[in-house]
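Let us take a walk through this model together, with the chain and the coordinates open beside the text. We will go from charged pairs to the metal site and then on to the sheet and its helices.

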Amino acid sequence: MVRRVLVGIDRDGTINKDSGFFGSSENWKDELEIHEGVVEGIKLLNECEGLKIVVATDQGSGLSRGIYDLNRINKVNKEIWSVLVEKGIKIDSWQSGLYVGYDYAKKHKIENYLENKWVVAMDDVRLRDRKPGIGMLEKGCKEIGCLLSDFDKIYYIGDRIRDVETGVNAGGKGILVYNGLNGEAVEEIKSCLDSQQVVVDNFYEACKLIVDGV
Ligand SMILES: [Mg+2]
């Protein structure tokens, strides 16, 4: 039987370089830079039979703060996806999380958040998409035509702690990739590593671990 593996991948800071709210600048297309090892790494994953890839990007913080709109997010997603496709990469589903909860709005002092369409109550089902929630992975699976529970192994690759938590919450492993800017997250995860959490130096190494079945 073909072993079925699901790999979730974060976008900003993991696939593309990001110094914060990528896509907010008018020159975002010129600023787009894919991290080293991403193309080679995903190609390695694409060679594995029964392995599916879902890119899952949380964009609720930028949306709720009015830093960019949904149209811009869709354009950025499309552009990054097409850059990867041009390099011969296959991604099975691409999902965006669009909402934040009241807790986020209060913490970041978003004014009139009760009238903000991207800010929802803490028990709102749409908040399931926000990492470390697994809603985007579930939606990706639905688009592929299966369920999260169909997979024997699940991994989530990202540059933040909540990416690692997403992998664990999905019943799999979380892989934190060092990207040159997230040293603090790396140190934090390293101090409490368990068998479901892995820290690697670059994206390619994360993919190599997955292919090796770690
Ligand atoms: Mg990220």
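## Charged pairs

K208 forms a salt bridge with D212, and their closest N and O atoms are 3.2 Å apart. A salt bridge here is a side-chain nitrogen of Lys or Arg within 4 Å of a carboxyl oxygen of Asp or Glu. K208 counts as partly exposed, at 37% relative accessibility; in this scheme buried is under 20% relative accessible area, exposed is over 50% and partly exposed lies in between (1.4 Å probe, protein chains only).

A word on the basis of these values: this is a predicted model, in which local features need pLDDT of at least 70 and side-chain atom pairs count only at pLDDT 80 or more, while totals for chains, interfaces and linings use all residues. Residues are numbered from 1 along each chain as its sequence is written, and side-chain values use heavy atoms, with hydrogens and water left out.

By the salt-bridge rule, the count comes to twelve. Here are three of them:

| Pair | N to O distance |
|---|---|
| K208 and D212 | 3.2 Å |
| K131 and D10 | 2.9 Å |
| E138 and R128 | 2.7 Å |

The pair of E138 and R128 links helix 6 (135-144), where E138 sits, with the loop between strand 5 and helix 6, where R128 sits, ten residues apart. Helices (H or I, at least four residues) and strands (E, at least two) are DSSP runs, numbered from the N terminus. Both partners are partly exposed: E138 has 28% relative accessibility, and R128 has a relative accessible area of 41%.

The K131 and D10 pair has another setting, as both residues are buried. K131 is in the loop between strand 5 (119-120) and helix 6, D10 is in the loop between strand 1 and helix 1, and 121 residues separate them. Salt bridges that share partners join D10, K131 and D163 into one network.

## The magnesium site

D10 also leads us to the metal. Which residues coordinate the magnesium ion? They are D10 (OD), D12 (O) and D159 (OD), at 2.2 Å. Donors are N, O and S atoms within 2.8 Å of the metal (3.2 Å for Na, K and Ca); water is not among the atoms, so sites may look incomplete.

Along the chain, the donors follow the spacing D-x1-D-x146-D. D12 lies in the loop between strand 1 (5-9) and helix 1 (28-31), and D159 in the loop between strand 6 (153-158) and helix 7 (161-169), so this pair ties together parts that are 147 residues apart in sequence. D12 is buried, with a relative accessible area of 13%, and D159 is buried too, at 9%.

Six strands form an open sheet in the order 3-2-1-6-7-8, with parallel pairing. Two strands count as paired if DSSP finds at least two bridges between them. At the edges are strand 3 (93-97) and strand 8 (197-200), each pairing on one side only. From one strand to the next, the twist averages 20 degrees.

Strand 6 pairs with strand 7 in the parallel sense over four bridges, and Y156 has G174 as its bridge partner in strand 7. Right-handed means that, with the strands pointing away from the viewer, the path from the first strand over the helix to the second runs clockwise.

Strand 7 (residues 173-177) is also joined to strand 8 by four bridges, and the two run parallel. In strand 8, V198 stands opposite I175, and V200 is the bridge partner of V177. Together with helix 8 (residues 183-190), strands 7 and 8 make a right-handed β-α-β unit.

## Helices against the sheet

Helix 9 (residues 203-211) lies across strand 1, strand 2, strand 6, strand 7 and strand 8, running at about 175 degrees to strand 6. Axes are lines fitted to C-alpha atoms, for helices over the stretch in contact, and angles run from 0 to 180 degrees between N-to-C directions; contact means heavy atoms within 4.5 Å. Helix 2 (residues 38-46) lies across strand 1 and strand 2 (51-58), at about 140 degrees to strand 2.

In helix 6, the buried residues are G135, M136, L137, G140 and C141. They pack against strand 1, strand 2, strand 3, strand 6 and helix 7. Just after helix 6, G145 takes a positive phi of about 100 degrees.
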